[in-house]
Amino acid sequence: MPRRVVFYVEGPSPGVDLLVKSVVISCISFSQCESDKQKCALFDGEENIIQNPRFEDGLNNWSGRGCKIALHDSMSDGNILPVSGKFFGSTENRTDYWNGIQQDITGRVKRKLAYDFIATVRIFGNNISTANVKATLYIQTADLREQYIGVASVQATDKDWVQLKGKFLVNGSPSRAVIFLEGPPPGTDILLDNLIVKRAAKAPPASPPVVENAAFGVNVIANSNLNDGTNGWFPLGNCNLSVGNGSPHILPPMAKDSLGAHEPLSGSYILVTNRTQTWMGPAQMITEKLKLYLTYQVSAWIRVANHASKPQNINIALGVDGQWVNGGQIESSDDKWHEIGGSFRIEKQPTKVMVYVQGPEAGVDLMVAGLQIFPVDRRARFRQLKKETDLIRKRDVILKFSSSDSATLVGTSVKIRQTQNTFPFGTCINRSNIDNEDIVDFFAKNFNWAVFENELKWYWTEPQKGNLNYKDADDLLSLCANHNIQLRGHCIFWEAESSVQSWIRNLNKDDLTSAVENRLAGLLTRYSGKFKHYDVNNEMLHGSFYQDRLGKDIRAHMFKTANQLDPTATLFVNDYNIEDGCDARSSPEKYIEHILDLRAQGGPVGGIGVQGHINSPVGPVVRSALDNLGVLGLPIWFTELDVSSDNEFVRADDLEVMLRESFAHPAVEGVVLWGFWELFMSRDNAYLVNAEGDLNEAGKRYVALKQEWLSRARGRIDEQGKFEFRGFYGVYEVEVEVANDVSKEKMVKASFVVDKGEGPIVISINL
C-alpha cells in the first residue's frame with residue numbers, strides 16, 4: 001500500500017489556466033475494493049431509511065416478492081464475495097420477471113421529499129451473463145389506489161457487482177410503501193450487497209457554460225467549396241472521392257436563414273463512387289474545431305448520382321468517440337439536389353469527432369456540395385423573432401372612454417395590465433400529480449391547457465378485456481375543470497405495437513375490428529364535449545399495428561367515426577421527429593403526404609400535432625418544417641414539447657428557442673409541454689421544476705417568457721376620450737383615475753378582452 005497518493009490534472013500549454021469544476025474518484029469495479037477497511041461514503045448509513053441495509057442482522061426486515069430469499073457470505077465456490085460487509089442477500093426460485101427481494105418502508109418515506117436510491121447488485125444463474133435489474137417503489141394510498149414508481153435500472157452482470165442508482169419522490173401520503181428489485185428472466189437470481197435510500201441532497205447552484213470565441217456562423221468544415229480539390233477530405237471505407245461541377249451556387253434555405261447575406265457556393269461537389277457499404281462516404285475530422293455546449297447547425301446540398309431502384313436514405317452523421325450522432329437526414333427518390341439540414345451539440349469533451357455523409361445502399365453513387373457546420377447565434381435569432389411575434393400575436397387597441405362628464409376625462413391617467421394571454425400553453429399531467437399540492441399549484445398558475453400523460457390511452461383504460469378504468473381520467477378531468485383548463489385527448493389509438501396491450505395483440509381480425517369500434521364508442525360517448533382535441537391514432541408515420549391487421553382504410557375510418565361520435569372535437573394526427581430534420585420517415589413532406597392521403601379517404605383531419613421531443617434545436621430548421629406544414633392551412637400544435645440538457649442554462653436556451661419559434665409562427669396555435677416537474681417526466685434532464693419545488697433556470701425562463709408575452713401600457717386619455725396601445729391577444733384590466741365632487745378622484749377598474757382579428761379593435765368603456 002502506498003504511503004501517499006497525489007491526484008493532479010495537467011495538460012494545457014503554459015500560460016493557459018485550468019478550471020476544475022468537480023472531481024470524482026471511484027473504483028472501476030466493486031471487486032477491487034478491500035471490504036471493511038475501505039468503507040467509502042457510499043456505505044454511510046446514518047440517514048438511511050433502509051433497515052439492516054448490509055444484512056448484518058441476517059434477513060431481518062427483508063422478504064421475497066413472489067420468491068424465496070437467502071443469506072450468503074459467499075457463492076460460486078468463493079468467487080462471489082460481499083463488498084460492503086460480511087453478508088449479502090439473494091433471491092431463490094424466481095419464476096417471473098417481477099419476483100425479487102423487497103423491504104417495507106411504510107412510515108419511513110415522507111411525501112414531497114426526494115430520495116436517492118443506491119444499491120450494489122449482480123445476477124447469478126440460469127446461464128444468463130447480463131440482465132436488466134430494476135428498482136421499483138410500490139405505493140398504496142388510503143383509498144387503496146396502487147402505484148408502481150420506477151426508481152432505477154442498470155444492466156447487471158454475473159461477473160461483478162454494479163451500482164444501481166436512482167431517485168424518487170412520493171406525492172401523496174402512502175398507507176403502504178415497499179421498495180423492491182426485479183427484472184431478470186425467471187430462473188436468474190438477483191444478488192443484493194447493500195441498499196441505501198436517503199434524503200436527496202440539494203443540487204449545488206448551476207452556472208451557465210463558459211464559451212469563449214464562439215465564432216457564430218463560421219464553418220468548421222475545411223475546403224467546403226472544394227477550391228482545393230479533395231484536400232481536407234478522406235473516404236470513409238474503400239470508396240472513391242472526386243470533384244465535379246454543377247451543384248447549386250446558392251446556400252440551402254435553412255442555412256441562409258441563419259447566415260443571412262453570404263458569398264455564393266462554388267458549384268463544385270464531391271462525387272462518391274465505388275461504395276460497397278451504406279456507411280461509406282466523404283469524411284473530415286473536426287475534433288479541435290468544436291466547442292462544448294455550442295449548438296451547431298448542419299447544412300448541405302445532397303444528391304443521389306445514379307438512378308437507384310428505390311428511395312435512398314442520406315444522413316450527415318458525426319462519430320463522437322465511436323458514438324453515432326445524427327446531424328440531419330433526408331430521403332431522395334430522384335436525381336435532383338436536395339437540402340439537408342439538422343443540428344447537434346456536444347456536452348462532454350470528446351477525444352475524436354468525425355463528420356461523414358452516409359446512407360444510400362451499396363452501389364449507389366452520392367454527391368455532396370457546400371457542407372456547412374457552424375455555431376448558431378441564438379440571441380440574434382431571438383431579436384428577429386420578437387419583431388415577428390409583434391406582428392402576428394398583437395393587435396392595435398383603441399379604448400374609448402365615456403362618463404357622465406366626458407370633459408373631465410381628458411388627461412386622466414390610464415394604466416393597462418394584461419392578466420391573461422389566451423394563447424394555449426399547456427402541459428401533460430398524470431394522476432399521481434394530483435396528490436401533490438405544490439405540483440397542482442404550479443400547474444394551475446402557469447398553464448391553460450393540459451393533456452393526460454397515460455390515463456386516456458387504451459392500455460390504461462382497458463388493460464384487460466372488459467376491465468375498464470376511467471377513474472384516473474375522471475379525476476384529472478375534474479382537476480382541470482376546477483381550474484378552467486382546457487383539454488387535449490391523447491390518444492384514442494396508438495399504432496406502435498409495443499404500446500398495444502397483449503389482449504389486443506392476440507385478437508383475430510374480426511375481434512380486433514369489434515374492439516376498435518367499442519373503444520371509439522366507449523371513449524368518445526363517455527367524454528363527449530369534454531376534450532377539445534383528440535389525437536386519433538398516434539404516430540402513424542412510425543407504426544402500423546392497426547393498418548397491418550385491418551387494412552389501410554382503418555385509419556380514415558377511425559377519424560370519421562370519432563367525428564361522428566363527438567363532432568365538437570378537432571381531430572389531430574400526432575407524430576415525432578417532424579421538426580428537427582433528423583428522421584427521413586417523418587419529414588414534413590412525408591407528413592403532408594400522409595395527411596392528404598387521410599383526407600382523400602374522407603378522414604376529417606383538423607389539426608397537425610408535432611410532438612417536439614427535440615435535441616439541440618436550431619430556429620431556422622424548426623421554422624422550415626413549420627412553413628412546409630403551414631401550406632395545408634391546418635392549425636399546428638406542438639403537443640409533447642420537451643428539451644434536454646444536463647446544464648439547465650442550456651436547457652433553458654433550448655426551451656426558449658422552441659417557445660419563441662412557436663409563438664412567432666402564424667400557423668402554430670398552441671404549445672403543450674410534456675411535463676415540467678423532476679421525476680415526473682419521461683425524459684432525463686428536461687424538467688423545469690426540481691423535485692422538491694425549486695424553479696430551475698429552464699423554469700425561470702418559461703415564467704419570464706410568459707411574463708414577456710403579457711402587455712402593459714400607461715398614459716392619459718386624449719381629447720377624443722381615447723387611449724391607444726398595441727397588445728397581445730387576451731384578457732386585460734384597466735385602471736382609470738376619475739375625478740368626482742367628493743374625493744376629487746377615485747380609481748375605477750374595468751376589464752376587457754382583445755380578441756384575435758385584423759385591424760384595430762375599438763373597445764368602449766363607460767366609467
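The model is predicted, so local features need pLDDT of at least 70 and side-chain atom pairs count only at pLDDT 80 or more, while totals for chains, interfaces and linings use all residues. Residues are numbered from 1 along each chain as its sequence is written, and side-chain values use heavy atoms, with hydrogens and water left out.

Me: Why are α7 and α9 called roughly parallel?

Reply: Helices here are DSSP runs of H or I with at least four residues, and strands are runs of E with at least two, numbered from the N terminus. Helix α7 (residues 509-526) packs against helix α9 (residues 553-565) at about 30 degrees, with the axes 10 Å apart. The axes are lines fitted to C-alpha atoms over the stretch in contact, and angles run from 0 to 180 degrees between N-to-C directions. Angles under 35 degrees count as roughly parallel, over 145 as roughly antiparallel, 65 to 115 as roughly perpendicular and the rest as oblique; α7 is therefore roughly parallel to α9.

Me: What makes up the contact of α7 with α9?

Reply: Contact means heavy atoms within 4.5 Å. Among the residues that meet are Val516, Leu520 and Leu524 in α7, and Ile554, Met558 and Leu565 in α9. The contact residues divide into eight nonpolar, three polar and one charged. In this scheme Ala, Val, Leu, Ile, Met, Phe, Trp, Tyr, Cys and Pro are nonpolar, Asp, Glu, Lys and Arg are charged, and the others, Gly among them, are polar.

Me: Why do β31 and β34 stand at the edges?

Reply: Two strands pair if DSSP finds at least two bridges between them. The open sheet has the order β31-β22-β33-β34, with antiparallel pairing. β31 (712-716) and β34 (746-754) each have a single partner strand, so one side of each lacks a neighbour in the sheet. The twist averages 20 degrees from one strand to the next.

Me: How do you know that β22 and β33 pair?

Reply: Seven bridges join β22 (residues 413-421) to β33 (residues 730-738) in the antiparallel sense, and the criterion asks for at least two. Within β33, Tyr732 is the bridge partner of Gln418.

Me: What makes the meeting of Arg199 and Glu692 a salt bridge?

Reply: The term requires a side-chain nitrogen of Lys or Arg within 4 Å of a carboxyl oxygen of Asp or Glu. The N to O value for Arg199 and Glu692 is 2.8 Å, and the pair therefore qualifies under that cut-off. Arg199 belongs to strand β10 (residues 189-199), whereas Glu692 lies in the loop between β30 (668-673) and α13 (697-708), 493 residues apart. The structure holds 43 salt bridges.
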